[in-house]
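Visitor: I'm new here and would like a tour. Could you show me the protein and then take my questions?

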Amino acid sequence: METPGRGSPYTVRTLAEAAGVSRSQVGRLIAGGRPSLEVTEAHAVAEALGVAVLVLFAPPSSPNRGRNDTGTTPT
């Protein structure tokens, strides 16, 4: 993982430290095990990466995005 514009590699540990959140939270976000963070934490992660919050935590463009014909979310 690299920081945009800086080229310095980030590990889960260094990103967590830079953002002031726990390593487990960052690890679960990256792995997809956690879909969101508290607003202040989301802003801190985005700031540490040098991007806007919506770049990292954008809502789906449509309520039906990611659904198949049966109306269920694919696994």
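**A first look**

Guide: The accessible surface of the protein comes to about 5,300 Å², with 54% of that belonging to carbon and sulfur atoms; such areas come from the Shrake-Rupley method with a 1.4 Å probe, and for residues only the protein chains shown count as cover. This is a predicted model, where local features need pLDDT of at least 70, side-chain atom pairs count only at pLDDT 80 or more, and totals for chains, interfaces and linings use all residues. Residues are numbered from 1 along each chain as its sequence is written, and side-chain values use heavy atoms, leaving out hydrogens and water.

Visitor: In what order do the elements of the protein run from the N terminus on?

Guide: Helices (H or I, at least four residues) and strands (E, at least two) are DSSP runs, numbered from the N terminus. The protein has four helices and zero strands. Read from the N terminus on, the elements go α-α-α-α.

Visitor: What share of the residues of the protein count as buried?

Guide: Buried means under 20% relative accessible area, exposed over 50%, and partly exposed in between (1.4 Å probe, protein chains only). Of the 75 residues, the share that counts as buried is 20%.

Visitor: Why are the buried residues of helix 3 on the same side?

Guide: The buried residues of helix 3 are Glu41, Ala42, Val45, Ala46, Ala48 and Leu49. They sit on the same side of helix 3 because they cover an arc of only 160 degrees around the axis, the arc being that of the directions from the helix axis to the C-beta atoms. On the other side, Val39, Thr40 and Glu47 are exposed.

Visitor: Which helices do the buried residues of helix 3 pack against?

Guide: Packing here goes by contact, meaning heavy atoms within 4.5 Å. The partners are helix 1 (12-19), helix 2 (23-31) and helix 4 (53-57).

Visitor: Which side chain of opposite charge is nearest to Glu41?

Guide: Glu41 lies in helix 3 (residues 39-49). Lys and Arg count as positive and Asp and Glu as negative, with His and the chain ends not counted. Glu41 is buried yet has no salt bridge (a side-chain nitrogen of Lys or Arg within 4 Å of a carboxyl oxygen of Asp or Glu). The nearest side chain of opposite charge is 4.3 Å away, and it belongs to Arg34.

Visitor: Which residue follows helix 3?

Guide: Its phi is positive, near 80 degrees. The residue is Gly50.
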